Amino acid sequence: CKGPQAAQHLHGEPGAEHPETIQTLFKLALFLNEINDYTGARQHYERVHLLAEKTLGPSHPFIYEVLVRLAVVLSEGFGDYAGAARLNAQLLDLRSG
């Protein structure tokens, strides 16, 4: 490894898929949503969802929380009720699975 990746391995800093990194990105999404930056919040929730699903697995309880928050951003921030409904259907599948 060279450059920043080598430094990351040497110092034990978490990478993008590390749970601490995912949690930090989630907190950033929460903040962006709080200040009505729905585009930023959506991007971060989507990224957190992908990373968390890969790292924690698709049925982890944290995935449920991320999808709930993303559905709210889609409906309240963008008026994308169809997108929010799709996420809600996915949430129901998670709960029943």
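Guide: Let's start with α4 and helix α5 (residues 81-96): their axes come within 8 Å and cross at roughly 165 degrees. Axes here are lines fitted to C-alpha atoms, for helices over the stretch in contact, and angles run from 0 to 180 degrees between N-to-C directions. That angle makes α4 roughly antiparallel to α5; the labels are roughly parallel under 35 degrees, roughly antiparallel over 145, roughly perpendicular from 65 to 115, and oblique for the rest. The crossing of α4 and α5 is also left-handed, a word used if the near helix is turned anticlockwise from the far one by less than a right angle, with right-handed for clockwise.

Before going on, a word on where this comes from. You're looking at a predicted model, so local features need pLDDT of at least 70 and side-chain atom pairs count only at pLDDT 80 or more, while totals for chains, interfaces and linings use all residues. Residues are numbered from 1 along each chain as its sequence is written, and side-chain values use heavy atoms, with hydrogens and water left out.

Who meets whom? On the α4 side, Ile63, Tyr64, Leu67, Val68, Leu70, Ala71, Leu74 and Ser75 meet Tyr81, Gly83, Ala84, Leu87, Asn88, Gln90, Leu91, Leu94 and Arg95 in α5; contact means heavy atoms within 4.5 Å. Sorted by class, this contact of α4 with α5 has 12 nonpolar, four polar and one charged residues. Ala, Val, Leu, Ile, Met, Phe, Trp, Tyr, Cys and Pro count as nonpolar, Asp, Glu, Lys and Arg as charged, and the others, Gly among them, as polar.

Now the other neighbour of α4. Helix α3 (residues 38-56) and helix α4 (residues 61-78) have axes that come within 9 Å and cross at roughly 160 degrees. So α3 is roughly antiparallel to α4, and this crossing is left-handed. Among the α3 residues making the contact are Tyr45, Glu46 and His49, and those of α4 include Phe62, Ile63 and Val66. By class, the contact of α3 with α4 has 14 nonpolar, three polar and four charged residues.

Take a closer look at His49, which is found in helix α3. His49 is buried, with a relative accessible area of 11%; buried means under 20% relative accessible area, exposed over 50%, partly exposed in between (1.4 Å probe, protein chains only). Leaving out residues up to four places away in sequence, His49 touches Ile63, Val66, Leu67 and Gln90. Glu46, also placed in helix α3, counts as partly exposed at 32% relative accessibility.

Phe26 and Phe62 form an edge-to-face aromatic pair, 5.0 Å centre to centre with 70 degrees between the planes. Rings of Phe, Tyr and Trp (its six-membered ring) pair if their centres lie within 6.5 Å; planes under 30 degrees apart are stacked, over 60 edge-to-face and the rest tilted. Phe26 lies in helix α2 and Phe62 in helix α4, so the pair ties together parts that are 36 residues apart in sequence. Both Phe26 and Phe62 are buried, and ring pairs link Phe26, Tyr45 and Phe62 into a cluster.

Stepping back, the protein has five helices and zero strands. Helices (H or I, at least four residues) and strands (E, at least two) are DSSP runs, numbered from the N terminus. Of the protein's 97 residues, 29% count as buried.
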